[in-house]
Amino acid sequence: MLGIVLGGGAAKGYAHIGVIKFLEELNIKPDIIVGASMGSLIGGFYAKGFTAYQMEEIALKIDKKKKKELFRLCISKEGFINGKNIVKFLKPYLGGTKIEELPVKYAAVATDIEENAEIVIDRGDLIEAIRSSIAIPIVFTPNKYSGRILIDGGFVNPVPVDVATRLGAKKIIAVNVLPRFEYPQIKISEESETGKKYNIKDIFLKTFELISSRLITYDIFQIKEGVWIDINTAGIGLSQFEKAREAILRGYNQVKGYTDQILRLVDRSMP
């Protein structure tokens, strides 16, 4: 069984659509789709049967004006955005869909902040699963679903390879759109100040990248038989959803560099 694993990355995650477009051209179809955060959203559409072309059309509808509407601030003690407009946007496409009725196995990963647990949502309402998995702390209010308080799954498992394996995947194509770092250990010494100023947003985003990179290193080692694909999305901000076209193109162009590995994995020659 072939599993496709799509990692988190907010707007960077549009690159997953480009990867899927290329896999479609190779006529490669997964038996299992697992996603965390933005990967759960793209994966949800993919599992529902949307083609890469259809997903791209939907993504391109989100310009700066639409983004402002979707992410309208509604500040509360739990977060800045309540996510209701996003749910409303998803309903015409995914509304009323039960995960267990999808044509392929699907799971979204979320985090239970009360139980300190990784939650694998492989049944129930698809939109609720996605809403839970994309709930970036502070930015979004947690999603209260099935008696749990859930936040973004990327904070425990940004590219959930092990989940796909537990669901039965024997071969895996995993896609990461976030940066990875080496983390050199450096003894303290005097340095000249750069003079750069960091605001709250800068610090949050850098912290997110640092935590994700360390967790992604763990995810890589979970692959027993598969292909790990890194898509360089530098220059596309996590909140720049108006850059869908650029992100999709990056995914499509860069995944071609993994063609031989992908075809060997699925025991197929170039069509």
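**Exercise 1. Describe how helix H1 packs on helix H3 in this predicted model.**

Step 1: geometry. H1 (residues 15-25) and H3 (residues 52-59) pack at about 155 degrees, and their axes lie 9 Å apart. Axes are lines fitted to C-alpha atoms, for helices over the stretch in contact, and angles run from 0 to 180 degrees between N-to-C directions. Helices (H or I, at least four residues) and strands (E, at least two) are DSSP runs numbered from the N terminus.

Step 2: class. The angle makes H1 roughly antiparallel to H3. The classes are roughly parallel under 35 degrees, roughly antiparallel over 145, roughly perpendicular from 65 to 115, and oblique for the rest.

Step 3: hand. The crossing of H1 and H3 is left-handed. That means the near helix is turned anticlockwise from the far one by less than a right angle; clockwise gives right-handed.

Step 4: contact. From H1, Ile17, Ile20, Lys21 and Glu24 meet Ala52, Met55, Glu56 and Ala59 of H3. Contact means heavy atoms within 4.5 Å. These residues divide into five nonpolar, no polar and three charged. Ala, Val, Leu, Ile, Met, Phe, Trp, Tyr, Cys and Pro count as nonpolar, Asp, Glu, Lys and Arg as charged, and the others, Gly among them, as polar.

Conventions: residues are numbered from 1 along each chain as its sequence is written, and side-chain values use heavy atoms, without hydrogens and water. Local features need pLDDT of at least 70 and side-chain atom pairs count only at pLDDT 80 or more, while totals for chains, interfaces and linings use all residues.

**Exercise 2. Repeat the analysis for H1 with helix H9.**

Step 1: geometry. H1 and H9 (residues 244-255) pack at about 45 degrees, with axes 6 Å apart. That makes H1 oblique to H9.

Step 2: hand. H1 passes H9 in a right-handed crossing.

Step 3: contact. Ala15, Ile17, Gly18, Val19, Lys21, Phe22 and Glu25 in H1 touch Ala247, Ile248, Gly251, Tyr252 and Val255 in H9.

**Exercise 3. Characterise the pair H5 and H6.**

Step 1: geometry. H5 (residues 84-94) and H6 (residues 126-133) pack at about 145 degrees, with axes 10 Å apart. Their crossing is right-handed.

Step 2: contact. Val87, Leu90, Lys91 and Leu94 in H5 meet Leu126, Ile127, Ile130 and Arg131 in H6. Six of the contact residues are nonpolar, none polar and two charged.

**Exercise 4. What lines the largest pocket?**

Step 1: volume. The largest pocket holds about 940 Å³ of space. On a 1 Å grid over the protein atoms alone, a pocket is an open set with protein on both sides within 12 Å along at least five of seven lines; a cavity is a set of points where a 1.4 Å probe fits but cannot get out; lining residues have an atom within 4 Å of a point. Grid points are joined across faces, edges and corners, and a volume is the space filled by probe spheres set on the points.

Step 2: lining. Of 36 lining residues, Phe71, Val139, Leu238, Ser239 and Phe241 are the closest to the centre of the largest pocket. H8 gives the largest share, five residues. By class, the lining has 31 nonpolar, three polar and two charged residues.

**Exercise 5. Describe the largest cavity.**

Step 1: lining. Its lining includes Gly8, Asp152 and Phe208. The lining residues divide into five nonpolar, five polar and one charged.
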